[in-house]
Amino acid sequence: MVTIKSDKEIQLMREAGQILAQVHAELAQYVRPGISTYELDAVCEKLIRSRGSLPSFKGYDGFPASACISVNEEVVHGIPDKKRILCEGDIVSIDTGVIWKGWQSDAARTHAVGNISGEKQDLIDRTRESFFVGIRAAEAGRHVNDIGRAIEEFIRPFGYGIVEALVGHGIGQEMHEEPEVPNFSCARRGMKLRKNMTIAVEPMINIGTWDVVERENGWTYASADGTPSAHYENTILIREGEPEVLSLLPEEKKLYGVL
């Protein structure tokens with residue numbers, strides 16, 4: 001079900017988004033060689049709860065942690081593990097969400113672990129940039145497919161694979177609401193975007209194939225050819241004209257030139 005938010009509900013989602021943006025900014029300082037994904041998750045949960053909010057991922061459909069932490073070829077839904085130690089040259093995506101006064105925010109970032117190759121850094125940077133390209137098409141009166149088409153047109157010239165098995169989504173009091181938000185062009189235009197809809201746009205890009213495989217744990221997806229993958233996500237508010245990015249700090253909005 002698609003929900004159109006009231007001004008009061010939008011303000012609560014703004015607050016949730018700012019809490020999540022703060023958590024991501026602080027969590028980034030802990031990403032370094034030698035730390036385990038389990039330790040990162042513990043820090044993430046502490047940061048979320050210290051702000052009076054709840055970790056929306058923990059227990060969601062049985063997920064055991066507060067963050068999905070995915071390393072190198074893992075696309076999404078990596079389960080934090082005491083034995084999974086980050087190493088120099090890795091890349092790691094951290095996807096997490098908060099619940100604030102009953103309202104959700106969802107965002108993901110991919111980080112370099114120490115010094116990484118230029119190829120991996122380009123993947124991180126271009127994946128992030130594809131998000132900002134995509135949301136330029138996310139305005140009231142346009143359609144969901146306009147977002148995916150913009151992302152695809154930006155990414156394809158680099159020869160990367162755009163993950164098709166996993167997509168963005170609507171968000172509000174529930175983590176996943178309608179509509180689905182693909183990161184690639186579809187045959188149909190998809191749902192018309194309406195003012196005061198809130199959606200999570202989240203390109204997932206592989207250096208190699210678009211195809212993914214599901215790991216035995218029933219959660220984690222990885223690139224089918226083992227090549228590195230990057231993930232970048234924010235919760236946005238649909239408006240007349242440019243959307244508002246709810247899960248970026250003011251200084252980040254200024255850096256990326258968005259509302």
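**Aromatic close-ups**

**View 1. Phe131, Phe132, Tyr232 and Tyr256 come together as one aromatic cluster.** We're looking at a predicted model, in which local features need pLDDT of at least 70, side-chain atom pairs count only at pLDDT 80 or more, and totals for chains, interfaces and linings use all residues. Residues are numbered from 1 along each chain as its sequence is written, and side-chain values use heavy atoms, with hydrogens and water left out. Rings of Phe, Tyr and Trp (its six-membered ring) pair if their centres lie within 6.5 Å; planes under 30 degrees apart are stacked, over 60 edge-to-face, and the rest tilted.

View 2. Searching the whole structure turns up seven aromatic pairs. Phe63 is in the loop between strand E1 (54–55) and strand E2 (67–71), and Trp219 is in the loop between strand E11 (212–214) and strand E12 (221–223), so the pair ties together parts 156 residues apart in sequence. (Strands, E, are DSSP runs of at least two residues, numbered from the N terminus.) Phe63 is buried at 3% relative accessibility, while Trp219 is partly exposed at 23%. Buried means under 20% relative accessible area, exposed over 50%, and partly exposed in between (1.4 Å probe, protein chains only).

**View 3. Phe154 and Phe158 make an edge-to-face pair.** Here it's 5.4 Å centre to centre and 70° between the planes. Phe154 is buried at 17% relative accessible area; Phe158, at 33%, is partly exposed.

**View 4. Lys82 lies over the face of Tyr38.** The distance to the ring centre is 5.0 Å. A charge sits over a ring if NZ of Lys or CZ of Arg is within 6 Å of the ring centre and within 35 degrees of the ring normal.

Technical notes
Helix = DSSP H or I, 4+ residues; strand = E, 2+ residues; numbered from the N terminus.
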